[in-house]
Amino acid sequence: MTAVLVVAGSDSSGGAGLARDLYTLARLETRALCAVTAVTAQSDTEMRAVHPMPPDLVRAQIAAALATTRIGAIKIGMLATGAVALAVAASLPPREQVPMVLDPVLRSSSGGALLDEAGREALTQELLPRATLLTPNIPEIASLLGTAVAGTEAELIEQGRALLALGPRAVLAKGGHGRGDEAVDLLLVEGQPVRRLSSPRSARTVRGTGCALASAIAAGLAADLSLEEACVRGKQHLVELFQKEV
């Protein structure tokens, strides 16, 4: 069985974060190891409290996981603070050895902040250049770049290329916050044509979709799928998730 190391925060509601990651990996028959970055108290509608883990403890968890078995891929989600983000960056193997999917978790779906300003700086400077794939949604792209939210696909592609210039090997610009009948994700890889991954847009909102997508892609990479194949399979998993959850 392939293995993915998940570095993320817990969600007491079970809808997002580490709970969603582990559920996704189990459905894809992928072994999961984990390093908890923060404990949150939240419901489907409200963020009540966030308690970041001590950075040394985060580093110890990652080291122990890496020493346990061969890791096929790493998925990084919530980091909470700059100190935790720097601890994670210092603990990671090079992406040439282990592919890494970075989901830039900035805010909860209920609006609570999940990464402080120092964390944003560490994310941009230390983790983006280490990422195999960055998976931001449309508002996160604008926030990371300090620009207005993209209103057209052309603008989104331009912003995605700006993120590519910060160092990740590829960017998957998620279109769930866009408009229209289709939810279109854009896979951008330097020197390659943009790949459009489209699915019917759901009228319902399901929490933790970003976590599920990033974990599903990491599972694909751990199973030696190509980046594009892993993204296509991850998108399909998300479609099935919307069909399953009411």
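1. Basis of the note. The model is predicted: local features need pLDDT of at least 70, side-chain atom pairs count only at pLDDT 80 or more, and totals for chains, interfaces and linings use all residues. Residues are numbered from 1 along each chain as its sequence is written, and side-chain values use heavy atoms, with hydrogens and water left out.

2. Helices (H or I, at least four residues) and strands (E, at least two) are DSSP runs, numbered from the N terminus.

3. Buried residues (under 20% relative accessible area, 1.4 Å probe, protein chains only; exposed means over 50%, partly exposed in between) of α6 are L156, Q159, G160, L163 and L164. They cover an arc of only 150° around the axis, which puts them on the same side of α6; the arc is that of the directions from the helix axis to the C-beta atoms. The face turned away from this side carries the exposed residues A154 and E158. Packing partners of the buried residues are β6 (133-134), α5 (138-145), β7 (170-173) and β8 (182-189).

4. Helix α4. In α4 (residues 117-127), G119, R120, A122, L123 and L127 are buried. Their arc is 165° seen down the axis, so they line one face of the helix. They pack against β4 (73-76), α3 (82-91), β5 (100-102) and α5.

5. Nonpolar cores. A nonpolar core is a set of buried Ala, Val, Leu, Ile, Met, Phe, Trp, Tyr and Cys residues joined through side-chain atoms within 4.5 Å. The largest has 68 residues, and I74, I76, V88, L102, L127, L133 and I217 have the most contacts inside it. Helix α7 (residues 209-222) gives the most to this core, with 8 residues. Another core, of 6 residues, lies apart from it and includes M78, A80, V105 and L114.

6. Residue T40. T40 belongs to strand β2 (residues 31-42) and is buried, with a relative accessible area of 4%. Its side chain reaches the backbone oxygen of S10 at 2.6 Å. A polar contact (N or O atoms within 3.5 Å; within protein, one must be able to donate a hydrogen and the other to accept it, and residues adjacent in sequence count only if both atoms are side-chain atoms) of 2.8 Å joins the side chains of T40 and Q42.

Technical notes
Contact = heavy atoms within 4.5 Å.
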